[in-house]
Structures are given as C-alpha cells and as structure tokens.
Amino acid sequence: MRSTSPNASRRRSAAILAAAILTVGVAGCGSSDSPSTAQAGPPASASANPDAGVLGIRDPWVKAADKGMTAAFGTLVNDGDSDVTVTGATTSLSPMELHEMTMKDGKMVMQQKQGGIVIKAKGTHALEPGGDHLMLMNLTKPLQAGDEMAFTLTFADGRTQQFRAVAKPFTGAQESYAPGHVEPMTGTSATPEMSMSPAS
C-alpha cells in the first residue's frame with residue numbers, strides 16, 4: 001500500500017533534520033559559561049549561580065596590619081549594561097563596612113558609605129586609600145604581607161561574588177582612629193580620621 005506521498009516523506013525528513021539541529025543548538029548554548037551568554041537568559045538563571053562574576057575586580061589588595069582596622073582596595077569593573085551597587089562585604093577575619101573619605105571641618109574623615117558603592121554601566125570605580133574602600137573593622141589575627149584573604153561582595157539585587165586579595169605593606173596613608181573605635185560603627189560619633197601625609 002502506498003499511503004505516503006513523496007512530499008510527505010520529504011516533509012518528515014525535514015522535520016527530523018530540524019529537530020536534530022535544534023537539539024544540538026540547545027546543547028551548545030547550555031554548555032557556555034561566558035558572562036555575556038548568562039546575561040541573555042531569564043533573571044531566574046542569573047540568580048541560580050550567585051557567584052558568577054557580577055563585576056570584574058582588578059588588582060585587589062589589602063593593607064597588611066597586625067591588629068585592629070585595615071582596608072581592601074582595587075578597581076571594580078562593570079562591563080554590563082546597567083549600574084551595579086555593592087551593598088556589603090564580608091570576610092572570615094573581621095567584620096566589614098563600606099567606607100568613604102569626606103571633608104568635615106577641614107579634615108578628611110572616614111565614614112560608612114550610605115547607599116552602597118555604585119559602579120556605573122560600562123564603568124569602573126576605584127577603591128583606594130583616601131577614597132572609597134572596604135573596611136575591615138577588627139582583625140581577629142595579624143594580616144602579614146603575602147597573606148591571601150577571601151572576600152564576598154553582596155549586591156543590591158541579592159547576588160554575591162567572591163574574590164581574593166593579597167596583603168601588601170603600605171605606608172602612604174597613615175590612619176589615626178578615634179579612641180575606642182575598634183568595633184563596627186553604629187553612628188557617626190566615633191568617626192576615624194585619616195591623615196594623608198606620607199610616612200616618615
């Protein structure tokens with residue numbers, strides 16, 4: 001019996017070929033780990049891998065210190081099409097705060113940065129001595145030059161990202177903190193000050 005015409009046979013072959021191409025294409029897309037491909041997916045897939053690189057972090061480092069306070073620095077790079085806001089940072093060696101330097105009564109004063117650190121789309125934001133930085137409030141053990149620390153950044157949308165930074169000796173900014181200011185800030189009454197004069 002001839003129940004199928006030549007046209008129906010060709011259509012069935014074309015459908016099988018199209019299904020095979022689609023399967024290979026989907027498998028190829030699923031194996032890609034590039035950040036640009038992840039951005040094209042739905043928001044649910046972005047939150048499924050919270051440690052995927054939200055930002056690039058260039059030259060991360062921490063000021064070596066024996067005790068008390070120190071800070072982490074580097075350049076935050078946002079290659080995305082929308083602004084990114086860092087709202088917090090953590091490490092196992094110390095409580096942390098996001099800090100900024102600002103002029104107050106003729107002095108450079110360090111204070112907690114309200115609203116987080118915003119990195120504009122396609123832009124960079126420097127974390128540096130005398131500017132915005134990630135403040136370690138009270139080291140639980142000495143941090144010596146060459147030691148490596150792990151940090152976790154938290155973003156306004158709930159995502160997180162880990163990075164590592166190496167401790168370096170640095171004497172360019174000599175911090176002097178208000179007496180008794182060794183615990184995380186709860187207000188602005190105990191505000192550390194920073195003198196920008198070079199070390200002797």
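This is a predicted model: local features need pLDDT of at least 70, side-chain atom pairs count only at pLDDT 80 or more; totals for chains, interfaces and linings use all residues.

Not counting residues up to four places away in sequence, leucine 76 touches Leu55, Gly56, Ile57, Val86, Ile117, Ile119, Gly123, Thr124, His125, Leu127 and Leu153.

## Aromatic rings

The count of aromatic pairs comes to 3. In one of them, the rings of tryptophan 61 and phenylalanine 73 have centres 4.7 Å apart and planes at 40°, so this pair is tilted. The two residues belong to distant parts of the chain, with tryptophan 61 in strand S1 (residues 56-63) and phenylalanine 73 in strand S2, 12 residues apart. Tryptophan 61 counts as buried at 14% relative accessibility, and phenylalanine 73 also counts as buried, at 5%. Ring pairs join Trp61, Phe73 and Phe170 into a cluster.

## Salt bridges

Side chains of opposite charge can pair when their charged atoms come close. A search of the whole structure finds 6 salt bridges, and the table lists some of them.

| Residues | Distance, N to O |
|---|---|
| lysine 122 and aspartate 81 | 3.3 Å |
| glutamate 100 and lysine 113 | 3.3 Å |
| aspartate 132 and lysine 113 | 3.5 Å |

The side chains of lysine 122 and aspartate 81 meet in a salt bridge. This pair links distant parts of the chain, since lysine 122 is in the loop between strand S6 (117-119) and strand S7 (123-127), while aspartate 81 is in the loop between strand S2 (68-78) and strand S3 (84-90), 41 residues apart. Lysine 122 is exposed, with a relative accessible area of 59%, and aspartate 81 is exposed too, with a relative accessible area of 70%.

Lysine 113 takes part in a salt bridge with glutamate 100. Glutamate 100 lies in strand S4 (residues 96-104) and lysine 113 in the loop between strand S5 (107-112) and S6, so the pair ties together parts that are 13 residues apart in sequence. Glutamate 100 is buried, with a relative accessible area of 18%.

Lysine 113 also meets aspartate 132 in a salt bridge. Aspartate 132 lies in the loop between S7 and strand S8 (133-139), and lysine 113 in the loop between S5 and S6, so this pair ties together parts that are 19 residues apart in sequence. Aspartate 132 counts as buried, at 12% relative accessibility.

## Serine 94

Which backbone nitrogen does the side chain of serine 94 reach at 3.0 Å? That of methionine 137, and the side chain of serine 94 also reaches the backbone nitrogen of asparagine 138, at 2.9 Å. Serine 94 lies in the loop between S3 and S4, and at 6% relative accessibility serine 94 counts as buried. Leaving aside neighbours within four places in sequence, serine 94 is in contact with Leu136, Met137, Asn138 and Leu139.

Definitions and conventions: Residues are numbered from 1 along each chain as its sequence is written. Side-chain values use heavy atoms; hydrogens and water are left out. A salt bridge is a side-chain nitrogen of Lys or Arg within 4 Å of a carboxyl oxygen of Asp or Glu. Helices (H or I, at least four residues) and strands (E, at least two) are DSSP runs, numbered from the N terminus. Buried means under 20% relative accessible area, exposed over 50%, partly exposed in between (1.4 Å probe, protein chains only). A polar contact is a pair of N or O atoms within 3.5 Å; within protein, one must be able to donate a hydrogen and the other to accept it, and residues adjacent in sequence count only if both atoms are side-chain atoms. Contact means heavy atoms within 4.5 Å. Rings of Phe, Tyr and Trp (its six-membered ring) pair if their centres lie within 6.5 Å; planes under 30 degrees apart count as stacked, over 60 as edge-to-face and the rest as tilted.
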